[in-house]
Amino acid sequence: MLKAFAIVFLSYAFAAPTVDFSPLNEFSLQLLDHTYTYQENFGKSNKAISPVSVWSLFSLLAEGSSGQTFQELVKELRLPTDLRATQALHLATNNLLKSDFQDVLLKGKSAMFSDCSLQIHPEFCEAATSYSTDIYSVDPKNTTKLAHDINYYICLATEGRITHAVQEENLENLRLILVDALYFKANWTYPFDSTQTREEAFYDYQGKTIGSVNMMYHKAPHNFGDANEIQATVLEMTYGKNEEFSMHLLLPFEGTSIKKLLSNLAAQPLSWINDIRIEGDIPEIDVYVPRFKISSKSDLIPPLQYLGIQSIFDVQRAELPGVSDSPLFISSAAQNVDIEVTEEGTVAAAATVVGLQDRILGQRFEANRDFVFLITERKSNLILFAGVYEEPSVV
Ligand SMILES: *[C@@H]1O[C@H](CO)[C@@H](O)[C@H](O)[C@H]1NC(C)=O
Ligand SMILES: *[C@@H]1O[C@H](CO)[C@@H](O)[C@H](O)[C@H]1NC(C)=O
């Protein structure tokens, strides 16, 4: 059990000097905050998201949007208002996720599965292609094949970590499906010695024991310090010999809840990351971190709606004229994340799937589950018969 252990994220340690990713990080931390808040309604659980994957997909859709839909995306994805700057930021993100690193494996893949009969504008396909999106023309009515194709794509892209991202029944009526997959695998710069791992208690923020974990231990040089502005003690553990990537672990100050920490993170600049970096010789520190594994699936629509991205999910209000002449809206958006942290290092995979329906199909009525019926006289609305149908039979 690993309850109340909520915050894990990977950060790029040495961002290319010319591109400022802070708008993207702002979006990411707000999304984490809203995802946690939404999830909290269903009780505590371990949670992991890949916000950059979400950002990347929705930034592409922003290029095909207009009106209110465009304005909401620009504001909440923190996109620069001119298209060229947006494309530059998107391209820089894309290049980073798709480039080769010496001793860290990072692999970003994106794909678009679309209905051949739907007129996807060539400009939108070009935009997608410029971010190295693979384009597949498919028959969306054959949901068996479509589910297989999407799951196969994601399975390959995540080295088998995520195998059943979509179910056939959730693909019905979709006209366009966007997929983003991310895979990360790296060894710690300073691995843990597994003979030192012990089962130990795990506590909630009020100090009550709530379970136990396999606690790893080592003494190694790590950046470490208090970040008062977010009310947390921060440890940075790097990956690989070149230390190009790292994991930050943020332990809230005693008495500070995860919820408070997340809202602090969402509201503050990331300058604390640089503040805890020590110049020169980094002193060694005793580190205890649990071995853990998180597999989570998030519905992205509610947290994105809380964030302020709303009309794109609305059958009546979505404006995506740059994608297609058909009136499309997003009817599903989900993300699977699988993270494993061990003595050796970390393997993390994410798959984001966004499904778009068109309005005409969106208004289909299918009484294929229990329903109530009324028979009325139309002028007076007098109900003559009323009933419930819930036990199916072939008559
Ligand atoms: C990571 O560590 C394992 C075991 O120590 C080793 O077999 C593997 O080659 C390492 N991977 C890299 C990329 O260094
Ligand atoms: C769906 O596609 C598969 C594989 O191409 C094919 O075998 C199957 O007959 C198709 N089903 C329908 C209903 O078209």
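Biologist: Which residues touch the most other members in the largest nonpolar core?
Modeller: Bearing in mind that this is a predicted model, the residues that touch the most other members are Leu-73, Ile-150, Ile-154 and Val-179, in a core of 86 residues. Strand 4, which covers residues 174-187, gives the most to this core, with 10 residues.
Biologist: And what is Val-179 in contact with, leaving aside its neighbours within four places in sequence?
Modeller: With those neighbours left aside, Val-179 is in contact with Ile-150 and Ile-154, and also with Ser-110, Ala-111, Tyr-153 and Val-353. As a general background, nonpolar side chains tend to be buried together in soluble globular proteins.
Biologist: Switching to helix 2, is it largely enclosed or in the open?
Modeller: Helix 2 is largely enclosed by the rest of the structure, because 13 of its 13 residues are buried. This helix, residues 51-63, reaches 19 Å from its first C-alpha to its last, which is close to the 18 Å expected at 1.5 Å a residue.
Biologist: What about strand 5, is that one enclosed or in the open?
Modeller: Strand 5, residues 198-203, lies largely in the open, because the number of buried residues among its 6 is 0, where buried requires 20 or more other C-beta atoms within 10 Å.
Biologist: How many bridges hold each pair?
Modeller: Strand 5 is joined to strand 6, residues 209-221, by 6 bridges, with Glu-200 having Val-213 as its bridge partner in strand 6. Strand 6 and strand 10 pair over 7 bridges, and there Lys-219 stands opposite Asp-286 of strand 10.
Biologist: Where does a positive phi turn up in the hairpin of strands 5 and 6?
Modeller: That is at Gly-207, with a phi near 90°, in a hairpin that has 5 residues between the strands.
Biologist: Which residues other than glycine have a positive phi?
Modeller: Among them are Gln-231, with phi near 60°, and Glu-243, with phi of about 50°. Most residues other than glycine have a negative phi. Gln-231 is in the loop between strand 7 (223-227) and strand 8 (232-239), while Glu-243 is in the loop between strand 8 and strand 9 (245-252).
Biologist: Why do they count as partly exposed?
Modeller: Gln-231 counts as partly exposed because it has 18 C-beta neighbours inside 10 Å, and Glu-243 because it has 15.

Notes
Residues numbered from 1 in each chain as written. Chains lettered and ligands numbered in written order. Predicted model: local features only at pLDDT ≥ 70, side-chain atom pairs only at ≥ 80, totals over all residues. Helix = DSSP H or I, 4+ residues; strand = E, 2+ residues; numbered from the N terminus. Buried ≥ 20, exposed ≤ 12 C-beta atoms within 10 Å, placed from the backbone. Core = buried A, V, L, I, M, F, W, Y, C linked by C-beta atoms within 7 Å. Contact = placed C-beta atoms within 7 Å. Pairing = 2+ DSSP bridges. Expected span 1.5 Å × (residues − 1).
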